[in-house]
Amino acid sequence: MADENDPKSTEDELANEKPVRQIEAQVVGQFIKDLSFENPNVEKFLSAPSENPNIKLEINVGARRLQEELFESAIDFKATATVKEGTIYHIEIVYAGIFRLRNVPNEMLEPFLVINCPTLIFPFLRRLVADLTREGGYPPLLLDPIDFAQLYMRRKNEMAAAGQKTVN
C-alpha cells in the first residue's frame, strides 16, 4: 500500500493518467440564414395603440456537421404578436453560427452544439429581433436570456417520455 504522503506515488499516478485534452471552440462566423418580418395589419394599428399584445414565442435549436471539425448551430426563432383586432406582426428568423470544435468527446458533442453554441450567438439574435420590431414601427421586443441547457434537458425528457409511450 502506498503512503499517502509519499510524493513519488502521487507522481507515478499522475504519469499513468491520460492527458486531458482541452476542448477548443472557435466561432468561424455567424449569419442570418432565413428572415421574415410580416406587418399584415399596419393600417389598423397606426392611428391609436390598442391593448398590450399577446406575444407567442417559439424557439428551437438545431445543429449539423459541415466538415470534420466544422459544425453549424442554428436558432430557429418565431414570434407572433396579436391583439383581438388581429395580428400585429410575425417574425421568423433562423440565426446560425459556424463553429470549429476540437477535442470534444462524442458524448459531449450534441449538448455542446445545442447548449454552448446557441448561448454564444443568442445576444446577436436578441439585438436583431429588437431592431426588427422597432424598425417595423413597434416598441422593440426585448428577449430575456434563454437557458439552452434547460431547453435541451426538457427536449431529452420529452423524447424519452415519447419513446416510453410507444414501447407500452
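Predicted model: local features only at pLDDT ≥ 70, side-chain atom pairs only at ≥ 80, totals over all residues.
**A pocket and an aromatic cluster**

The largest pocket is lined by 13 residues, and those that lie nearest its centre are Asn60, Val61, Leu151, Tyr152 and Arg155.

The chain contains 4 helices and 4 strands, and their order follows the pattern α-β-α-β-β-β-α-α. Of the 168 residues in the chain, 29% are buried. Among contacts between residues at least 6 apart in sequence, 70% join residues that are at least 24 apart. The chain exposes about 11500 Å², of which carbon and sulfur atoms supply 51%.

A pair of aromatic rings is described by the distance of the centres and the angle of the planes. The count of aromatic pairs comes to 3. One of them is formed by Phe37 and Tyr89, whose rings are stacked, at 5.8 Å centre to centre and with 20° between the planes. This pair links distant parts of the chain, since Phe37 belongs to strand 1 (residues 24-38) and Tyr89 to strand 4 (residues 86-102), 52 residues apart. Phe37 has a relative accessible area of 26% and is therefore partly exposed, given that the term buried is kept for values under 20%. Tyr89, by contrast, counts as buried because its relative accessibility is 4%.

Tyr89 also forms an aromatic pair with Tyr138, and here the arrangement is tilted, with 5.5 Å from centre to centre and 40° between the planes. The angle explains the label, because planes under 30 degrees apart count as stacked and those over 60 as edge-to-face, while the rest are tilted. This pair, too, links distant parts of the chain: Tyr89 lies in strand 4, whereas Tyr138 lies in the loop between helix 3 (106-135) and helix 4 (148-167), 49 residues apart. Tyr138 has a relative accessible area of 13% and so is buried. Taken together, Phe37, Tyr89 and Tyr138 form one aromatic cluster.

Methods. Residues numbered from 1 in each chain as written. Heavy atoms only, no water. Phe/Tyr/Trp six-rings, centres within 6.5 Å; stacked < 30°, edge-to-face > 60°. Helix = DSSP H or I, 4+ residues; strand = E, 2+ residues; numbered from the N terminus. Buried < 20%, exposed > 50% of the residue type's maximum accessible area, 1.4 Å probe, protein only. 1 Å grid on protein atoms, 1.4 Å probe; cavity = no way out; pocket = protein on both sides within 12 Å on 5 of 7 lines; lining within 4 Å. Contact = heavy atoms within 4.5 Å. Areas by Shrake-Rupley, 256 points an atom, 1.4 Å probe, with all protein chains shown as cover.
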